[in-house]
Amino acid sequence: MKALLVVDVQNGFIGGNLAVAGANNIIPTVNRLIDEFDTVILTQDYHPKDHISFYQNHDGKKPFDTIELPYGTQVLWNAHCIQGTTDADFHANLKADKAELIIRKGFHQDIDSYSAFMEADRATRTGLAGYLRERGIDTVYVVGIATDFCVAWTAMDAVAFGFDCTVITDATAPIDIDGSLDKAMADMAEVGVKFITSKDILNQ
Ligand SMILES: [Zn+2]
């Protein structure tokens, strides 16, 4: 059994507080893929106002600076996807209604969470792996934003948790800072994430 994981197709990343270039363009493709899958799961970046990943919460820092946290290096972002704001809502054009599960992530003030499976401390689990197993799902296809952060971490964790995982590349949009896209693609390939484009599914 397979599922489609739609990562963070939210206002914040599409013209919002952490806008990703070209992210708007993937929505029609993501919607066509949603139509093709029986099981669709959405993730939603969902931060408290005082979240540790926001540069505004660290004196003298600016966007894309990094800080060292107990769990490792953290990139600092413009404040985004704050709980209860429209920035955190799914984009109005996304076919979100079909989703059977919404995984919210990044809600712990002191831990970021790019991955839908495990938070950035690499210890706190979201419960997604257990949910998928209980639903009999062993294969996941990942789309969404951003290719080199939340999509990549989700895909690599899917493999780490024992799932067959494929990223549908033309249904993702990257941030690409300091070579992060090339690195993420190489890292995903190395652990066994597979790559296809949407036509491999939609033309079947
Ligand atoms: Zn975030």
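Which residues does Asn31 touch, not counting residues up to four places away in sequence? Asn31 touches Asn93, Leu94 and Lys95. Asn31 itself sits in helix 1, which runs over residues 27-36. It is buried, because its relative accessible area is 10% and the cut-off for buried is under 20%. Keep in mind that this is a predicted model.

## The nonpolar core

One of the partners of Asn31 is Leu94. Leu94 also belongs to the largest nonpolar core, which has 62 residues. Leu94 is among those with the most contacts inside this core. Helix 3, residues 147-160, gives the largest share of the core, with six residues. In soluble globular proteins, nonpolar side chains tend to be buried together.

Take Leu132 as an example. Leave aside its neighbours within four places in sequence. Leu132 is then in contact with Ala3, Ile41, Phe117, Ile137, Val140 and Phe163.

## The zinc site

Which residues coordinate the zinc ion? They are Asp45 through OD, His47 through NE2 and His80 through NE2, at 2.0 to 2.1 Å. Along the chain, these donors follow the spacing D-x1-H-x32-H. The site links distant parts of the chain: Asp45 and His80 are 35 residues apart. Asp45 lies in strand 2, residues 40-45. His80 lies in the loop between strand 4 (72-75) and strand 5 (101-105). Both Asp45 and His80 are buried.

## Helix 4

Helix 4 has twelve residues, 180-191. At 1.5 Å a residue, the helix should span 16 Å. Its end C-alpha atoms are 17 Å apart, which agrees.

Ser180, Ala184 and Met188 are buried in helix 4. Seen down the helix axis, the buried residues fall within an arc of 65°, so they line one face of the helix. They pack against helix 3, strand 7 (164-173) and strand 8 (194-196). On the other side of helix 4, Asp182, Lys183 and Glu190 are exposed.

## Loops and backbone angles

Gly16 is found in the loop between strand 1 (2-7) and helix 1. Not counting residues up to four places away in sequence, Gly16 touches Asn11 and Asp87. The C-alpha atoms of Gly16 and Ile102 are separated by 20 Å, and the two residues are 86 places apart along the chain.

A cis peptide bond joins Ile145 and Ala146, with omega at about -10°. Ala146 is in the loop between strand 6 (139-145) and helix 3.

Some residues take a positive phi. Asp176 has a positive phi of about 55° although it is not a glycine. Asp178, also not a glycine, has one of about 50°. Asp176 is in the loop between strand 7 and helix 4, and Asp178 lies in that loop too.

How open are some of these residues?

| Residue | Relative accessibility | Class |
|---|---|---|
| Gly16 | 27% | partly exposed |
| Asp176 | 41% | partly exposed |
| Asp178 | 83% | exposed |

Asp178 counts as exposed because 83% is over the 50% cut-off. Asp176, at 41%, counts as partly exposed.

How values were computed. Residues are numbered from 1 along each chain as its sequence is written. This is a predicted model: local features need pLDDT of at least 70, side-chain atom pairs count only at pLDDT 80 or more; totals for chains, interfaces and linings use all residues. Side-chain values use heavy atoms; hydrogens and water are left out. A nonpolar core is a set of buried Ala, Val, Leu, Ile, Met, Phe, Trp, Tyr and Cys residues joined through side-chain atoms within 4.5 Å. Buried means under 20% relative accessible area, exposed over 50%, partly exposed in between (1.4 Å probe, protein chains only). Helices (H or I, at least four residues) and strands (E, at least two) are DSSP runs, numbered from the N terminus. Contact means heavy atoms within 4.5 Å. Donors are N, O and S atoms within 2.8 Å of the metal (3.2 Å for Na, K and Ca); water is not among the atoms, so sites may look incomplete. The expected span of a helix is 1.5 Å times one less than its number of residues. The arc is that of the directions from the helix axis to the C-beta atoms.
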